[in-house]
Amino acid sequence: MHEFSIANAILQKILNVAEKSAAEEIKEANISIGELTFLNKEQLIFALKVLSKETKAEKCKFNICVIKTKIKCLNCGYKGKAVYEGPEYHILNFKIPLNCPKCKSKKIKIVEGKEVLLKNLKIKIKIPK
Ligand SMILES: [Zn+2]
């Protein structure tokens with residue numbers, strides 16, 4: 001499943017940070033996922049919970065927010081929200097017919113919406129006695 005491999009990559013990153021900062025426990029992680037990653041938020045949280053068992057992130061609260069797709073039109077210079085053309089199954093089939101809402105050009109560049117970001121972590125650190 002797509003979500004499990006992404007969740008694993010995110011978790012490795014989190015545990016890496018934890019390692020470097022001598023964390024005792026990871027309390028909270030804020031993650032952003034782009035709309036165009038086609039990740040299911042609930043499934044991603046579920047995967048993170050399963051994979052983090054018996055790690056320092058076991059009790060971590062995973063907050064995930066979805067980033068809307070943003071495009072730049074190479075024809076008219078429009079920058080902003082994307083418009084999907086055609087029925088939704090196209091999107092699910094990974095064919096993304098994105099259009100510029102202003103000039104209808106298909107010559108667009110995706111600016112936002114494809115990324116997975118680990119934004120910040122709340123970490124409990126060990127204080128040396
Ligand atoms: Zn345009």
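Trainee: Among contacts between residues at least 6 apart in sequence, what percentage join residues at least 24 apart?
Mentor: The figure is 80%. Keep in mind that this is a predicted model.

Trainee: How do you know how confident the predictor was?
Mentor: On a scale from 0 to 100, the protein averages a pLDDT of 88, and 88% of the residues score at least 70. Among the elements, α2 has the highest mean, 96, and helix α3 (residues 88-92) the lowest, 49. Where pLDDT is low, the predicted coordinates should not be read in detail.

Trainee: Which elements should I look for, and in what pattern?
Mentor: The protein has three helices and eight strands. Along the sequence they follow the pattern α-β-α-β-β-β-β-α-β-β-β.

Trainee: What makes β2 and β8 edge strands?
Mentor: Start from the sheet, an open one of three strands in the order β2-β1-β8, with mixed pairing. Both β2 (61-67) and β8 pair on one side only, and that makes them the edges. Neighbouring strands here are turned by 15° against each other on average, direction ignored.

Trainee: How do you know that β1 and β2 pair?
Mentor: A pair needs at least two bridges, and β1 and β2 have seven, in the parallel sense. Among these partners, Asn 30 is bridged to Asn 63 in β2, and Ile 33 to Val 66 in β2. Helix α2 packs on this sheet and touches β1 and β2, its direction making about 150° with that of β2. Together, β1, α2 and β2 make a right-handed β-α-β unit. Another helix, α1, lies across β1 and β8, at about 40° to β8.

Trainee: Why is Leu 117 called partly exposed?
Mentor: Leu 117 has 13 C-beta neighbours inside 10 Å. Buried would take 20 or more, and exposed 12 or fewer. A count of 13 falls in between, so Leu 117 is partly exposed. This residue is found in strand β8 (residues 116-125), and it touches Ile 31 and Ser 32, leaving aside residues up to four places away in sequence. Leu 117 and Asn 30 are 87 residues apart in sequence, with 8.5 Å between their C-alpha atoms.

Trainee: Which residues of the largest nonpolar core touch the most other members?
Mentor: Those are Ile 14, Ile 26 and Leu 48, out of 18 residues in that core. At least two core residues come from each of α1 (2-20), β1 (23-34) and α2 (41-51). Leu 48 touches Ala 7, Ile 10, Leu 11 and Phe 62, again leaving aside residues up to four places away. Over the whole protein, buried residues make up 19% of the 129.

Trainee: Why is one side of β4 and of β7 left without a neighbour in the sheet?
Mentor: Look at the open sheet of three strands in the order β4-β3-β7, with antiparallel pairing. Because β4 (79-81) and β7 (108-112) each have a single partner strand, one side of each has no neighbour in the sheet. The twist averages 35° from one strand to the next.

Trainee: And what makes β3 and β4 a pair?
Mentor: Strand β3 (residues 70-73) and β4 share three bridges in the antiparallel sense, and at least two are needed, so they count as paired. Lys 70 stands opposite Lys 81 in β4.

Technical notes: Residues are numbered from 1 along each chain as its sequence is written. This is a predicted model: local features need pLDDT of at least 70, side-chain atom pairs count only at pLDDT 80 or more; totals for chains, interfaces and linings use all residues. Helices (H or I, at least four residues) and strands (E, at least two) are DSSP runs, numbered from the N terminus. Two residues are in contact if their C-beta atoms, placed from the backbone, lie within 7 Å. A nonpolar core is a set of buried Ala, Val, Leu, Ile, Met, Phe, Trp, Tyr and Cys residues joined through C-beta atoms within 7 Å. pLDDT is the predictor's confidence in each residue, from 0 to 100. Axes are lines fitted to C-alpha atoms, for helices over the stretch in contact, and angles run from 0 to 180 degrees between N-to-C directions. A crossover is right-handed if, with the strands pointing away from the viewer, the path from the first strand over the helix to the second runs clockwise.
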